[in-house]
Amino acid sequence: MKTRVRLPRLLACGAAVALALSLTACGNGDGGGSSGDGKIHVLVYGDASNKVEKQIVDKFNKTSDVKAVLDTIPGADYQQKLQTIINTPQAPDVFFNWGGGSIQPFVKADLLMPLDDFIEKDPGLKANFLPSVFNSAVVDGKSYGVPMRGTQPILLFHNKQVLDKAGVKPPKTWDELLDAVRKLKDEGVTPISLGGGDRWPTLMWFEYLYDRVAGPELFEKALKGDKDAWASADSKKALSMLKELVDAGAFGKNYDSVKYTNGSSPALLASGKAGFELMGSWYYAQQQEDAKEFAETDLGYTTFPTVQGGKGDPANVVGNTNNFYSVLKKTKHPEAVAEFLKLMYSDEFVKAQMAIGNLPTTTNTRKFLDTAADPEYSRFQYDLVAKAPSFQLSWDQAYPPSAITPIQQAVQQFFNGQLDADGFIKAMQALPTE
């Protein structure tokens, strides 16, 4: 798994100030968030999954002399806000991330604690997770993260009633998707809800279509610094297909003023004003939180459409392999942190995550599939991830944090016509890879 979710990532000014004040109050000015207050501070992205994190913190606090405090950053740009505090007295002891490129700069800056000593004392911190997931947070041969929350493949969600009324079935192919767009427009609804104001939801369309057209190899080459990959024939084909989708009116006209992070784009789907939304698997929990009746009766989901003649395996998925907890080297309570991390593979953790629609990647997950909030949904995700030949980490999490804004700007500007294909290619070629 992209915690994302990827999970959604701007803090309102007031929220930022409140966060800074709350974290500052926890520090003594000379170390991590735990400082001298005898506590460990756990920083997470604020969303519907926080109730499980609070439950686990409460469980930990019942038996630990060193107490844990859960701090959250609501809204988007979590990574950006994390960078502003991670090397300050307000830094947490443990923090939520997406592995991959999201933690590489912190490793290079020598801010993170390698977890290999923890693992040597408790092999379960590694052995109890699927290897392909755990290794997403391995940097230069050292482990820097323990999986938390669940795997987050990106799925194509839909409103069953809206599709039925328009005579549309969940599309299996790209041509079927284009046909669905035309039929939904005829019904007077926005075919595809898109939180373009946040920009990262737009990126999901690029990630999947590039994989379907070119396979995962194109992006892997680009990530390693091969600038020619972005100018390839496959890249240009994917861009032409995306432009065709936008020009067909798939996303309406006002998608740049709609956001996922304030609930606007999910509300369009739940209220019947849109037919589809492409989003990470956390979307299930979000709709359960915001529109429970809709989520339980009319929320459908499927895989991303196939592309005829595409080089990518139709079983490939993109998204966030998992979210991770990483540890600041300067924490004053490493023993307590190690005990806290052990709870990430506990039965209670797995069952609580599944109860809100998340799918942990622990080795004991399969035996709890029937206990999930929606067993069918959990099995669908589990089988999708287990059978996927490739699970591509979201582009803005695979690249280092300094590339996040340029990537998101490029996809937004291509969708709204400010960049043509050549302009997009040049923007991607200019991305930093370290």
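Trp230 and Phe424 are both buried, that is, under 20% relative accessible area, where exposed means over 50% and partly exposed lies in between (1.4 Å probe, protein chains only). The model is predicted: local features need pLDDT of at least 70, side-chain atom pairs count only at pLDDT 80 or more, and totals for chains, interfaces and linings use all residues. Side-chain values use heavy atoms, without hydrogens and water, and residues are numbered from 1 along each chain as its sequence is written.

Rings of Phe, Tyr and Trp (its six-membered ring) pair if their centres lie within 6.5 Å; planes under 30 degrees apart count as stacked, over 60 as edge-to-face and the rest as tilted. The count comes to 34 aromatic pairs. The ring centres of Trp230 and Phe424 are 6.5 Å apart and the planes stand at 85°, so this pair is edge-to-face. Trp230 sits in the loop between helix 11 (217–223) and helix 12 (233–247), Phe424 in helix 21 (residues 421–429). The two are 194 residues apart. Helices (H or I, at least four residues) and strands (E, at least two) are DSSP runs, numbered from the N terminus.

Five strands form an open sheet with mixed pairing, in the order 2-1-3-12-6. Pairing requires at least two DSSP bridges between two strands. Strand 2 (67–74) and strand 6 (146–148) are at the edges; each has a single partner strand, so one side of each lacks a neighbour in the sheet. Strand 6 runs antiparallel to strand 12 (residues 323–327), joined by three bridges. Val146 has Tyr325 of strand 12 as its bridge partner.
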